[in-house]
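Please look at the model before reading on.

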Amino acid sequence: MATEQKYDERNIEDYYVSEEPFYVPTSDEIEIFESAYRQRVPILLKGPTGTGKTRFVEHMAWRLSEGLTPRNPGDEALNGSGEKLPLITVACHEDLTASDLVGRYLLDADGTRWIDGPLTRAVKAGGICYLDEIVEARKDTTVIIHPLTDHRRSLTIDKLGSTIDAADGFLLVVSYNPGYQNALKDLKHSTRQRFVALEFDFPEEEREAQIIAHESGCDSDTAERLARLGLKIRNLREHGLEEGASTRMLIYAGRLIKEGVSQRRACQVSVTWGITDDPQVQRSIDEVVTSIFA
Amino acid sequence: MTSSDDPKQNAIEETRKELEQFPAPVLERYEVALEKLAGRLADETCQQWALEGLEIARKTVRSWEAAAEFFDASVAVQRQLPSGQFLKWAKTGTSLCEDSPSLAVAYFKSSPKAMLRLRPRYIDDWANVCRALYRGTWKSSALACRLFEATPDLLETLSFEEYCHFGEFLEILSRRSYDQAGDALNAGIDLFPKITGDVDRFINLAQIVAEKSWRETAVLFDSATASLVELGSAHRAPLISLARRLVITGVSDAAGVLKDGANTVNKVPADTRDRLLEMTDSIAAVSAPAAPEFLKIVPDVLERVTFDQMGQWQSEGVRTARESDEAAITYFKLESPASQEMLDSLSSSIELSRVRDVIQMYCLALTGHTIEVQAAQQLAEKNIGWFQGELPTTEGTTIYMPSVINRYTTKDENFGFFKVISTHQIGHIEFGSFAFDFNVPSVLFDDLRSRLPGATELKAAKAAEEAAKKAAEKPQVVIFGHETPESAVSTPATPEPEPAAAPEFLTDMSRFFDLFQERRLALDVFTVIESSRIDGYVAELYPGVMTMYNMVRAAALESRPDVTDLPAQEALVEFMIRVSLGQVDEMLVPSEHIEAARKLRRLIRQITSVEALVEDAAEATIRAYSILIDIKNEEVDDDDFEQLEPEDEEDDSDSDEDEDVVDPEEVIQQFMGMSSPEGEGEADQMEDGEGEQEFEGEGEEDYSSPQEVDYRGEFKPELSQLLSQMQMMESGEMTEGGEMEPITQEQLEEMMKNAPEMEMEQTEGEEGGDQQVSEMIENLMKELQKRDPENQQFEPGPSQHVDEDGGPLTATEPDTFTYPEWDFRANEYKPNWCMVHEKIMTDGEPNFFRETLAENAGLVAQIKRQFELVIPEMYRKQKRLEDGEEYDLDSVLEALIDLKIGVSPEEKLYWRRNKNERSVAVAFLLDLSASTAEAIDEAKKPSDDWGAPDDPVEYMVWLRSRRSEGLRRTYKRIVDVEKEGITLLVNSLETLGDMYGIYGFSGYGRENVEFYTIKDIDENFSDMVPRRIDRIAPLHATRMGPAIRHTAAKLAEAEARSKFLFLISDGRPQDRGYSREGVEKEYAVHDTRQSLIEARNLGITPFCLTVDKAGHDYMKTMMEDFSYEVLPDISLLPKRLPQLYRNLTT
């Protein structure tokens, strides 16, 4: 093409994580993931928003592609083939139906054409299919994924009348946020018991400061203070806040600070106002902010 | 010189003769008077006089007394009066005597003095004024006499005109009550001289009061005596006139007006008093009843705003007052929102109650614990060891602060002060002041704590030594420290082996303070050091508050006492405080102790580092104490103070990095030595005071504690540790020690006796001190029990269970229904086992509803907004319909594709905006069990419900007693919060247009499940609903099953697509006989669960909201597969309920 393409476009199954995403493990989750992957056991990531679930999946996709950590020298690379491991992410929403995952017929000039959905493509390509916030999706989607999560490892496509056995590298990873109350949205037991579950929570203060500093590029003192702010705000969970301040939020604050926005203001726009609409809680958080930041 | 046939002589003689028939005094006095008068009066007059006297004597049986008095008074009176008037005077007396001799007696008696002040022409009037009081009765005559007697006194201050008015007033009052009139007379004599100039005005007021509400007069005089007197004359008149005007317009409490008015006027600066009264006048002109309220509230208002600002507030009030008297009254009572807002916007002061929620959340955020915020006064009232009531403090779980801050000119600064003190106080919690552990090593110092002997230990060892000496008669070496027990045991000849085992301490803090002999000094030192440590942390971690913090510290420094006025030891403690508050220059210290000061300063510096633990503070205390204890507390001349050079930071930080300010070995020696003073062998030498004498040399003064630093407040480490330990155990943070023995009263007494923080009070009030202390201990015990988690656990009594006999019930009466009950052990239903009695809730007052909405106006608006957002959702496109407004493109495409590939296409190709999409019926089912009567703050207390007797008669008695308790309440109960929640929800549900019913249930036993309808599902909202909500109150037990079944039955009949049953409860289901042997709790839980399953089978979605914090365990069983929520904090209910409702139904 004559004009320079300003964007990068590729098929979803050709998406590889090629550079190491920054990830600070909190415990043995990397090893567990690796082991589960070797055994092709699907994985469920639980935890509040902004605790690094997505980042972790990216990190693992990269790690597994690189085959970086064979257990013993001489072990074959983890995904067997030595090929790169695609990562196909689907953000689930409340209108997501099974055919959005599996695929559908489209009309074209010659009649109809079948087009694979992201899940089908992942199954065929043998990559990691990451269904983010799985509880948000419609109930019929869960039925589709069940056969993929047990010994069958197969995907049935009703409309085509066919069943696809998953390629060897395929693994289903789902995430969900149990929320602070189990009241309204929950994962069915028949679904959740098909996964090994990894719990995510906010990193401890020091580690979080490290993450904030790395991700936002702000100085370490600011990062420490932001981490402290996060910690303090999380104390308000269940007392006016439904969720604690996410690490992501704190990173955004750090980025704004790096851009020269005043510390208090940056926290206000990226933390206080983001986290709640309740004026009184906002006021209280503001007081914490103005205590921690001069 | 007189002859007997002289007519004058005749009359006189005749009188004499006649008088003989009366008792002797009459004649005697006649003779005396005659002798004096004869020369002074013309003969004729004298005769008339004599005859007049005789006439008086003859009037009635008892009138001779009057005659005697007449003769007596005549001499003096005659001097005042010309003869014509003199005789008139006598005649007046005679006519009085006709009415009553006693009147005449009184008249004559008081005449000599009265005549000094009374013009002769008023004599008749005077007599008439008094006579008017006489109505033939004994009481009236006494009153009239009293007025005669009082006349001379009264006339000293009153003009005759005023006197007459007073008489009139008394007459009016006496028609109602002679006693009151008598009292008023006495009070008047007392009062009038003190308010000269305003007497007439006051009498006028009194007269009106007597006419309008005579009972008030006594109070009026009282309050006038109490308050008017104090008031300057300039403001007395306007105030009295004001009161008069108010009384005329219908205010009955004139006394109150005077009292409050005087009180208020005295409180405001002199130059504003006139304006104050003018303001009141202008209010009175518009709304009389509001004026007294204004007078009453002014002092409070002036605490928050300046006088000029108050003027603005007042004029706004006058505008309001034009609307109605009620509006004016609430305005000036400061009860209406408009009034409060107005004042708020004018004032720069901040009330704790207004910012309390914010501060509470701030504290929660900082510490991670729920910290209560309360007014300091409340802690003092608890009487558990804190006394100040004005200073901020904490006892480990609650922070106490002044109720109003008005130190600065802006709101921001005043709020900043709140923030400073809360940051400091919760700093004690956040940075672990109360988590002190005797055995945890410090990070900055070598540990000395474990190497020092405890005072109690020493005492015991000493005693053992004594005993050993006596028994063995040979020197015994006692090793201090932990070996002591062995040494005691190893004394074979001890007759009574002293149990010298290490003493038990309730808290580590107590154990620590036990190391010191001068505990008071140790506490003060520890207080300074620990506070500095907290300040250090705050400075490092919360630089944002430091601007304000430093301002507060600077202010605190300014109010410190002059060091040079203090004796040496105290001067050095003061020096430490000043260092800790950041003073650098002009540090005066006694020259002699300049090196000690340097060391103390270094200790403070060390402790303000961020690594410092509370244990470091303890070690620092030991060191500072060892320095200070060697310093005699003697007067130091001003000249002997010297400025300590400002710190050379580099120099210091270099040298003291590792070096201890004191030599640890020396300290140990010092502690050892000090505890066994040479030569003294008395066992009680350790007692306070006596120990001091040991050191007290010439000119040495008793040590007294320094003045508190305002923002640091009252620091009581021992008590706080004790109290917070209890609390912490609950959250499982102190479980390492396993089970903690319950604390006994004796232990507490022991602790109180030794605690330095208690000393102050004991020494101050010698008398009743003991009683005070024991009262305090009692309160403290209660407080501890309240906090003891053991008490909060659910403990069903042993004989809870009764198997209910009898068979199925039949509903014969109207509005009764029977339902089966699920017996999970038998795995079957018991048919018709429970009887539900449906009743319509009785009507109450609509006020609760209105007030709740008004109080929560902000929340109401918020909920409404949220609900309004739901409405557009109701117009959402509904897709995949067989018929509708238009084709749905997606569906059509799919159908076309299906056609192309030869599959039969879907027929549902249309979409429609479905207006009726929202078709919701909800039933709210409120738990009205007796336990909802508990105060929300104390909802943690054990619920007595399990103690409910099984015998029906006893049960009723138990219930009644519980309910009567409810009548006396002043606190908020769980049920009140339920009511609030429902109120807010109902109000918003009307916006939404959903069908909803509100029901309450309770009951006792299976035959009596009470089911109250507050609003039926198909009933329209009417005025009755708020009235019924008002009546929602705690009743009996909680048999949930039948109530749920009944509600489900009602819902099943409702025509709606989605149906919800919203259960709001405060605890597990329970009732008499709602159990089976061995499975007491489970039975009820399972029946409830079964009823929910039944409801679901009817197409109803149940949801349970409970405020029972312990709810997680049984809710899991009861609500498995159902949605529920356990509210962590009951006060969230009104807010959470609408949210849940919205989430659930959309």
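**Helix packing and the chain interface**

In this predicted model, helix 4 (residues 63-80) of chain B and helix 6 (residues 101-117) of chain B pack with axes 8 Å apart, at an angle of about 15 degrees. Helices are DSSP runs of H or I, at least four residues, numbered from the N terminus; axes are lines fitted to C-alpha atoms over the stretch in contact, with angles from 0 to 180 degrees between N-to-C directions. Helix 4 and helix 6 of chain B are therefore roughly parallel (an angle under 35 degrees). The residues of their contact (heavy atoms within 4.5 Å) divide into twelve nonpolar, three polar and three charged.

Helix 9 (residues 160-176) and helix 11 (residues 199-213) of chain B cross at roughly 15 degrees, their axes coming within 9 Å. These two helices, too, are therefore roughly parallel to each other. Among the residues in contact are B:Phe166 and B:Phe169 of helix 9 and B:Ile203 and B:Ala206 of helix 11.

Between the chains, 36 residues of chain B are in contact with 31 residues of chain A. The buried area (accessible area, 1.4 Å probe, lost on putting two parts together, summed over both) is about 3100 Å², with 59% from carbon and sulfur atoms. Chain B and chain A share two salt bridges, each a side-chain nitrogen of Lys or Arg within 4 Å of a carboxyl oxygen of Asp or Glu. A:Lys232 forms a salt bridge with B:Glu430, with the closest N and O atoms 2.4 Å apart.

Residues are numbered from 1 along each chain as its sequence is written, and chains are lettered from A in the order in which they are written. Local features need pLDDT of at least 70, side-chain atom pairs count only at pLDDT 80 or more, and totals for chains, interfaces and linings use all residues, while side-chain values use heavy atoms, leaving out hydrogens and water.

Technical notes:
Angles under 35 degrees count as roughly parallel, over 145 as roughly antiparallel, 65 to 115 as roughly perpendicular and the rest as oblique. Ala, Val, Leu, Ile, Met, Phe, Trp, Tyr, Cys and Pro count as nonpolar, Asp, Glu, Lys and Arg as charged, and the others, Gly among them, as polar.
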